[in-house]
Amino acid sequence: MNESLHDAIDRLLREDAGRPVRDDGFSLRLMRTLPAPRVTRPWLRPALVLFSAALGSALAWLLAPGGISVAQGFVDLARLQSQTPSAVVALGVALAMGVTAIVLAADDS
Amino acid sequence: MVERPEPADSELVLAVVARDDREAFACLVRRHQSLVRSTLRRLAKGDHGLADDLAQETFLLAWRNLRTFRFDARFSTWLYRIAFNAWLTDARKRREVLLDDLEKAPVADEALPAVSTAERMDLERALATLSDGERAAIAACYYADLTHEEAAVAMGIPLGTVKTHILRAKAKLRAKLDEDYR
């Protein structure tokens, strides 16, 4: 062992390290100890967001003073008349839809 | 028929993170169990039972923290860091045990092709006489196959200290084995 102890030690270490450890069921046992799979409901969050937005829009529609039309609001906005009550309601609906879209997009990414 | 190449570690990690893919994680475990367990066996002074417990803890921690893997290092390096910390935590808990038992014979392993049993037993015994730091550096650079730089990062010590540990460890092993063979 004296010939070149340095080389011999290097060889011993490398050969010892190169010996594979047989699995012998280790991987299987380990996989059994993993926590149970997550119960994912990917539809739940978008559904809640959409439902809230729809409910908010419906309430706004129902509670708005008579004679207000969202469609008329968008027409007013197109004519750059943003101060009319209909235009304000239309802006509110557009805002709710925008927020919904942003939340859903963020959730997706 | 063209065989499908084995997926890279990074692909498997992504599959686990994105889809909770257990088969991908099982593939990672099968691929790295040998390296992790053999490294931990050296760190644990040949105590195979303890090494396997720590290996199990290592993979469970890896599973829980896979989202934090940044792909800027090899997966095996990241895994070694977890294994090293698991061993360190355990070693701190059982400090008294680690400081004695140097004469205790290591557990015999299955047949080995190149290194004789006598040589390996001598090596295991000699490795057990090293300090924790020296043994950890040898385990990282030989058994976990890390570069000195990767070992330094994984162990959280300066590169120079890793090199010193390796040099001292080899000098001690040299002296110990020379004494045994005289």
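Helix 3 of chain B passes helix 4 of chain B in a right-handed crossing; a crossing is right-handed if the near helix is turned clockwise from the far one by less than a right angle, and left-handed if anticlockwise. The model is predicted: local features need pLDDT of at least 70, side-chain atom pairs count only at pLDDT 80 or more, and totals for chains, interfaces and linings use all residues. Residues are numbered from 1 along each chain as its sequence is written, while chains are lettered from A and ligands numbered from 1 in the order in which they are written.

Helices are DSSP runs (H or I, at least four residues), numbered from the N terminus. The axes of helix 3 and helix 4 (residues 75–93) of chain B come within 9 Å and cross at roughly 130°. Axes are lines fitted to C-alpha atoms over the stretch in contact, with angles from 0 to 180 degrees between N-to-C directions. The two helices are therefore oblique to each other; angles under 35 degrees count as roughly parallel, over 145 as roughly antiparallel, 65 to 115 as roughly perpendicular and the rest as oblique. Helix 3 of chain B contributes L54(B), E57(B), T58(B), L61(B) and A62(B) to the contact. Among the partners on helix 4 of chain B are A83(B) and W87(B). Contact requires C-beta atoms, placed from the backbone, within 7 Å.

Now the core. The largest nonpolar core has 51 residues. Such a core is a set of buried Ala, Val, Leu, Ile, Met, Phe, Trp, Tyr and Cys residues joined through C-beta atoms within 7 Å. L40(B), A83(B), I138(B) and A140(B) have the most contacts inside it. Beyond its neighbours within four places in sequence, I138(B) touches residues including L13(A), R42(B) and I166(B).

The chains meet through 30 residues from chain B and 23 residues from chain A. Helix 2 (22–43), helix 3 (48–65), helix 6, helix 7 and helix 9 (159–181) of chain B each supply at least two residues of chain B's side. Helix 2 of chain B gives the largest share, eight residues.

Last, the loops. K45(B) sits between helix 2 and helix 3 of chain B. Its phi is positive, about 55°, although K45(B) is not a glycine. K45(B) counts as buried, with 23 C-beta neighbours inside 10 Å. Buried means 20 or more other C-beta atoms within 10 Å, exposed 12 or fewer, and partly exposed in between. F71(B) lies in the loop between helix 3 and helix 4 of chain B. Its phi is also positive, near 65°. F71(B) is exposed, with 11 such neighbours.

Conventions
Contact = placed C-beta atoms within 7 Å.
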